[in-house]
Amino acid sequence: MDFNFNMPVELVFGTGIIRNNTGKFKLGQKALVVTGRNSAKLSGALNDVVFALDHEAIEYCIFDNVINNPTMENVAEGTAFGKKNKADFVIAIGGGSPMDAAKAIAALMTNDIDPIDLIGNIPTNKSLPLIAIPTTSGTGSEVTPYSVLTVPSMNTKKSFFSPSSFPVVAFADPSYTKSLTREITLDTAFDAFSHLLESYLSLKSTPLNDVVAIEGIKAFASCMKALADDEVDDRIRSLLMYASCLGGIAITHTGTTLIHAMGYSLTYFKGLSHGRANTMLMGEYLGFNMEHEPEKIQNVLDILGFKSIIEADDFFNLGTDEKPNLTVEEINMYTQLAMGQRNVKLNPRKVIAEDIKGMYQRIFGGAK
Ligand code: NAP
Ligand code: FE
């Protein structure tokens with residue numbers, strides 16, 4: 001056996017944890033708080049952060065303009081704001097979009113480079129210290145070093161990471177997800193599940209990481225009925241956030257695989273949410289990998305209580321009204337873009353372009 005397991009983020013989990021741990025905010029003199037337009041306020045997280053900063057007499061400024069699926073331009077804007085205000089640490093509040101934007105901003109605050117140069121490179125200087133506070137239970141970004149950014153010049157989303165992009169502290173308070181709509185609750189839960197599944201099946205999976213992934217899959221399984229019946233209460237919200245954090249820890253060690261590689265174009269070109277894009281691909285993904293990882297996939301189906309991949313696919317289409325129809329040209333382009341993502345190489349079964357084309361065709365084919 002041969003593996004490495006490093007989880008450098010202090011994860012503080014539970015309801016009311018920020019007000020009870022204000023001392024952990026002492027990472028600098030002035031915080032740059034990075035949020036989306038509404039969620040930080042709606043969830044109550046911003047109020048708690050302001051309480052903590054006031055309690056510790058730490059100055060702050062707020063950049064509340066992160067867009068969904070943040071772009072290079074968006075993170076450049078946040079960086080300029082942070083520099084103008086002379087912030088020396090960063091606090092991210094929100095779903096994956098603000099958390100990922102904050103990681104890029106924390107790196108750009110200390111490295112005088114164009115945001116595009118983050119992609120595929122480890123910046124020279126360490127990022128500013130970062131605190132991450134999720135308001136969705138999906139990406140697990142609060143415990144990963146990854147930042148997924150939209151790159152218009154490449155027509156896709158690309159991720160960057162560096163060893164100093166791990167948050168120093170993550171405050172995971174499930175009560176912040178109470179203000180989520182049913183649609184976002186479902187889509188983000190499905191993203192968390194796809195991290196757990198893809199990590200478990202990744203070529204980089206290890207026995208220890210499998211324990212984390214399976215624990216998360218079990219937590220997700222215990223939420224499935226409540227998700228289907230729209231009966232998500234505090235206990236379920238807690239389990240979903242637990243599953244999401246475990247998904248983040250799991251992909252920190254393995255990366256994601258084919259689902260994420262194929263899903264990005266569905267978000268970039270068709271505007272599907274990240275989690276929804278992932279789960280539309282679920283049935284084909286499981287079928288494609290079944291012959292290479294029959295035991296692991298059967299284990300997941302058993303934990304989820306499905307008799308077949310078809311049953312699983314039906315469940316993961318919960319809340320999907322209709323799938324986009326793609327033209328042959330679109331399928332060809334999306335295939336090329338997916339093949340260019342590094343996570344394709346981590347898929348348990350070797351993937352060639354024809355495989356991806358076939359999957360897109362079977363799920364979304366049909367448009368003239
Ligand atoms: P998101 O894009 O951060 O947010 C989606 C929507 O949910 C936004 O309109 C947001 O509002 C709203 N929202 C968030 N929390 C809320 C709350 N508590 N109450 C009410 N509304 C709330 O969604 P996400 O799925 O969490 O993140 C997706 C992004 O993360 C994608 O860019 C994806 O590629 C990336 N991702 C990153 C990783 C990683 O490891 N870093 C892994 C998977 C995915 P506001 O606009 O007001 O914030
Ligand atoms: Fe994801």
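**Rings and one lysine**

Author: Going by the pairing rule, there are 15 aromatic pairs here, where rings of Phe, Tyr and Trp (its six-membered ring) pair if their centres lie within 6.5 Å. Two numbers do the describing: the distance of the centres and the angle of the planes. Take Phe63 and Phe81: their ring centres are 5.9 Å apart and their planes sit at 40°, so this pair is tilted; planes under 30 degrees apart count as stacked, over 60 as edge-to-face and the rest as tilted. This pair ties together distant parts of the chain, with Phe63 in strand β3 (residues 59-66) and Phe81 in helix α3 (residues 72-84), 18 residues apart. Helices (H or I, at least four residues) and strands (E, at least two) are DSSP runs, numbered from the N terminus.

Before going on, a word on what you're looking at. This is a predicted model, in which local features need pLDDT of at least 70 and side-chain atom pairs count only at pLDDT 80 or more, while totals for chains, interfaces and linings use all residues. Residues are numbered from 1 along each chain as its sequence is written, chains are lettered from A and ligands numbered from 1 in the order in which they are written, and side-chain values use heavy atoms, with hydrogens and water left out.

Back to that pair: Phe63 has a relative accessible area of 5%, so Phe63 is buried, whereas Phe81, at 23%, is partly exposed. The cut-offs are under 20% relative accessible area for buried, over 50% for exposed, and partly exposed in between (1.4 Å probe, protein chains only). Now try Tyr268 and Phe269: with ring centres 4.9 Å apart and planes at 80°, the pair is edge-to-face. Tyr268 is partly exposed at 26%, and Phe269 is partly exposed at 29%. There's also a cluster, in which ring pairs link Phe190, Phe193, Phe220, Phe306, Phe315 and Phe316.

And your lysine? Lys158 belongs to strand β7 (residues 156-161) and, with 19% relative accessibility, counts as buried. Setting aside neighbours within four places in sequence, Lys158 touches Ile119, Ser147, Val148, Leu149, Val151, Gly340 and Gln341, contact meaning heavy atoms within 4.5 Å. As for Ala219, 61 residues away along the chain, its C-alpha atom is 29 Å from that of Lys158.
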